[in-house]
Amino acid sequence: MRDYTIFIPEYIAAGAAIGIIGIELFWPNFRKDRLAYLTALAAVAWFVAGLFFIGKDAQSFQGIIASDDFTTYFRLMAAGIVFAVSLMSANYMRTRTKTAAEYYGLLLIAGCGMVYMAAATELITAYISLELLSFSLYILVGYLKRDNRSSEASLKYILLGAFSSAMFLYGMSLVYGVTGSTTYSGIAAALSARDQAGTDPAVIVGFMLILTGVGFKVSAAPFHMWAPDAYEGAPLPVTAFLSTLSKAAGFALMLRLFGTAIIVDSVEWRWAILCLAALTMTIGNLIAIQQSNLKRLLAYSSIGQVGYMLISIAAIGYGDAQGGINATSGLLIHIMGYVASTLLLFTALTAVYNRTGRDDIAGLKGLAETQPFLALVITCALFSFAGLPFFAGFATKVLMFQGATTDETLWVVALGVLNSFISLYYYLMVIRQMYLFDPVGDSTRWKMNPVLGGLAVVLVLGVLFIGMYPGPAFSWSEDAAKPLFEAGSASGLARVP
Amino acid sequence: MTFDEGQGYVVLATMAIPLVAAFLLVLTPGSQKMAVRYISVVTGALVCALSIYIFAAYQVDGAEVQMKLRWVWIENTAFLGENGITLYFAVDGISATMALLTGVVAFAGALASWKLDYRNKDFYILYWTLLAGVFGTFFSYDLFFFFFFYELAVMPLYLLIGVWGSTRKEYGAAKLMLMLVGGSVLIWIGIFATFHEANLGTFDLQQLWAAGNDGTLSPTFQKTFFPLMVIGCGVLAALWPFHTWSPDGHMAAPTAVSMVHAGVLMKLGAFGIIRLGIQLMPIGAEFWMPGLMVLGVIGAVYGAIAALTQRDFKLISGYSSVSHMGYVLMGLATMNEIGITGAVLQMFSHGVMTALVFLMIGALYDQAHTRDIKDFGGIAKVMPLWVIFYAIAGLANVGLPGLSGFTAEFHIFVGTFRTYPVFGAMAIFAAALAAAYMLRMFGQVFFGPFNPRWSDLKDLTPLERLSGGILIAAIVVMGVWWAPFTDRISATVTHLPGVTG
């Protein structure tokens, strides 16, 4: 069925992107922060358009793109992230570049890439969406072209990203070669139709290559090497973008691909993801302890978070359809909480950076004296990452880990809890700088930009809401998870009881 | 609305008032230091009054669990079934006693920190958040919220100690925080495993307890995970050898935080052992209790010996807390009615007397700026009231008849002798050591040759007298008229699974 209305939200986003680039083309002196507000406005329109899809029947565009609650969930998330990041960038980019239109355009385009990574039910479409996101990010990371670190980060990211794309493609081609189909439902049908004598080794290699490719994108260890450099070199709002949007998108793709297309052969890949999860969280958290640069610290901390999230993907492979819903709902609510906390943290850090220009941890010394609100906000976000109560992290982590607990995954869940304890240590080291030390140099109180302040207030309320009353968020997550596992969907057909 | 439900709102209010106070304080400008103090003291008085009401209104001959209030939080979503996560507050005899303790100590602590001046707004925000967590843990009948509040009570400690503390505060704060959260890692794992194993789709503690009783949680499972739960909670209860945060943490903490921390927070650990150990995994408890007994005895004796060698007031009290919490663990490990009743009594008794001790240490340290007992002598000449208050706390500590310590320790020793006579004897040895370290300190500090360096020390302020007076009242009441306590506690203890008469 060709129903083009399912693309309307992204028509808005992509149209706005072109419009914004056009504005600067014709009015080069247009104020750069106004471009940011226009982008935020477009994101709001995009979000509102996305709201109309809530509760609509799932439908498929030619079997390659699905419009269901899962897609809607990530569409709303993408719009929200673009909204927050564009507001965050307003003053930051205004003082650092002369041309910013492409920057804001690319934010919107990258958001569209994320939506179709979640919506794709066909390998080529998934790949193209992934590349749309990746190419936008390559440019965004290197956007401050006069800054050597930014250019270096971009180059590193491009080289490794291209390498991982090649792996992903190779894996796809192997899967296609054996199953003869590129659609998820076709792959699932072909895999379950084979006789049960054994899986073709080529398919297993294909799975592993796909896993490697996606693992690069979400920066799972041992494919995480690019992340710290890219995070450190990128402009601060882009770092926020990298650690929210690109991670969420990677997991959206993984959930649909592993949860529907190749779930039948979960025996062949689930152990690999489980090991990947254990490795990723341990490496991320242990290396984070030694960091002195805040951006690098957050890069490793987000690698740790990816490790926790990977457990849920493995748990899908270990459970039945209900187990899949359990694990996926837990993962989705955790991604929501993680995204909100990360955006909150980066909003605050951007405000600090605009004032001090320092991105090392010691640069936060005495923040509780000079700007107590920001210190509180940063503490909230870090406590949320560590999973302390009242903040999103506690509730979402409990729900995610509980959803992912099966007899086989319990040990990794235990490791995950242990790791979040390790993470508390280095979060405390950051909090310590703000509260236990006096400010260095200028110790007068300063006022923060009202836009950033407003954004921070909204995000704090969001983080507290998810943390204290996770009910609504969890039921949205369940609604989003259901289409992947209910009868009638690709996996519903494929699951052999 | 039934009367019981109405009382449920009282329980809710007891937890919520500290949170509301914290929120009000966030809105108060930091320069309004007097307003901050008034808000805090009024909150303390309210909370104390409500907790006395809860204790008094708990009917000994009524249902075991009273004053229920239940709001559904999440249900019928993914793995959560009927009543998946509920905000479920209720009170049994043990939590009624613990609530009373918390109310009394919270009020006393709020009075004691009246003179605190440096960023007192931030201090009280964290202080009341911590107490909301403590009340919430004692009242929660839902595992999710039990753990939610448990963590909430630990979280503010880092800043409370790190910012307002004294000796080696950063070290003490980080060590304490990391060890306590490290303990809760084990509880997290235990919770995930329990929920998965019980497969009921609910965090309702009563349903999970039933599952533990009827074997839905298999014996192997219980034997595997009981140590996790007990060690996890035990860290907070200063279970030897996981007690090392206690002396350093207490030494670093400011007065009110020491009071609340030693007085109430450590009891959360022992309370957790009852809730998540004895009640949730009775088969595991039966299997492992001798082990807990051994650790408890070691803690009791070791703490007393260590206290004997210390010179810093706070270190003496820190180690003495380790020793007294050792008695609590021994009482729990007896698994008989009188022993466990004694353990809960000891939790209360140690709570009030140790709060009084830390209050007195704070009153002295604020003026003298040293806590080395060798520096002092003949303090009774300049601070007579201080000496009397401290002596009452110290004698309760030693277990003098007529004070709370005697009631509690007597129950524990009787319980221990019934099951493990040898350990009972060792516990009495530890009690003798307690007399030694207390009397040694009395002799050096209170009496002895007067050191003229201290001639301008002032006696207790009126607020400190009030604060101490409340605590002494609790100590004396429990020492001479313990029936209200033992009635409530044993009414609940008899219902615990696996407890012998």
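Helices and strands are DSSP runs, numbered from the N terminus. The exercises below concern a predicted model.

**Exercise 1. Carry out the analysis of phi and accessibility for Phe390(A).**

Solution. 
Step 1. Phe390(A) lies in the loop between helix 15 (372–386) and helix 16 (392–404) of chain A.
Step 2. Although not a glycine, Phe390(A) has a positive phi of about 85°.
Step 3. Phe390(A) counts as buried because its relative accessibility is 14%.

**Exercise 2. Characterise the side of chain B that touches chain A.**

Solution. 
Step 1. Contact involves 37 residues of chain B and 44 residues of chain A. The area buried between the two chains is about 3,700 Å², and carbon and sulfur atoms give 79% of that area.
Step 2. The chains share 2 salt bridges. Glu170(B) and Arg432(A) meet through their side chains in a salt bridge, with 2.9 Å from N to O. There are 7 residue pairs in polar contact between chain B and chain A, both residues at pLDDT 80 or more.
Step 3. Strand 1 (66–74), helix 5 (143–154), helix 6 (157–164) and helix 7 (169–198) of chain B each supply at least two residues of this side. Helix 7 gives the largest share, 13 residues.
Step 4. By class, this side of chain B has 28 nonpolar, 6 polar and 3 charged residues.

**Exercise 3. Determine the geometry and setting of two aromatic pairs.**

Solution. 
Step 1. The whole structure holds 74 aromatic pairs over all chains. Among them, Tyr73(A) and Phe74(A) lie 5.6 Å apart, centre to centre, with 70° between the planes, and the pair is edge-to-face.
Step 2. Tyr73(A) is buried at 9% relative accessibility, and Phe74(A) is buried at 0%.
Step 3. Tyr327(B) and Phe413(B) form an edge-to-face pair, with 5.7 Å between centres and 85° between the planes. This pair links distant parts of the chain, 86 residues apart: Tyr327(B) is in helix 13 (residues 313–334) and Phe413(B) is in helix 16 (residues 404–419) of chain B.
Step 4. Tyr327(B) has a relative accessible area of 1% and is buried; Phe413(B), at 12%, is buried.

**Exercise 4. Identify the surroundings of Asn419(A).**

Solution. 
Step 1. Asn419(A) sits in helix 17 (residues 410–436) of chain A and is buried, with a relative accessible area of 2%.
Step 2. Not counting residues up to four places away in sequence, Asn419(A) touches Met281(A), Thr282(A), Asn285(A) and Tyr308(A).
Step 3. The side chains of Asn419(A) and Asn285(A) are joined by a polar contact of 3.2 Å.

Conventions
Residues are numbered from 1 along each chain as its sequence is written. Chains are lettered from A and ligands numbered from 1 in the order in which they are written. Side-chain values use heavy atoms; hydrogens and water are left out. Contact means heavy atoms within 4.5 Å. Buried area is the accessible area (1.4 Å probe) that two parts lose on being put together, summed over both. A salt bridge is a side-chain nitrogen of Lys or Arg within 4 Å of a carboxyl oxygen of Asp or Glu. A polar contact is a pair of N or O atoms within 3.5 Å; within protein, one must be able to donate a hydrogen and the other to accept it, and residues adjacent in sequence count only if both atoms are side-chain atoms. Helices (H or I, at least four residues) and strands (E, at least two) are DSSP runs, numbered from the N terminus. Ala, Val, Leu, Ile, Met, Phe, Trp, Tyr, Cys and Pro count as nonpolar, Asp, Glu, Lys and Arg as charged, and the others, Gly among them, as polar. Rings of Phe, Tyr and Trp (its six-membered ring) pair if their centres lie within 6.5 Å; planes under 30 degrees apart count as stacked, over 60 as edge-to-face and the rest as tilted. Buried means under 20% relative accessible area, exposed over 50%, partly exposed in between (1.4 Å probe, protein chains only).
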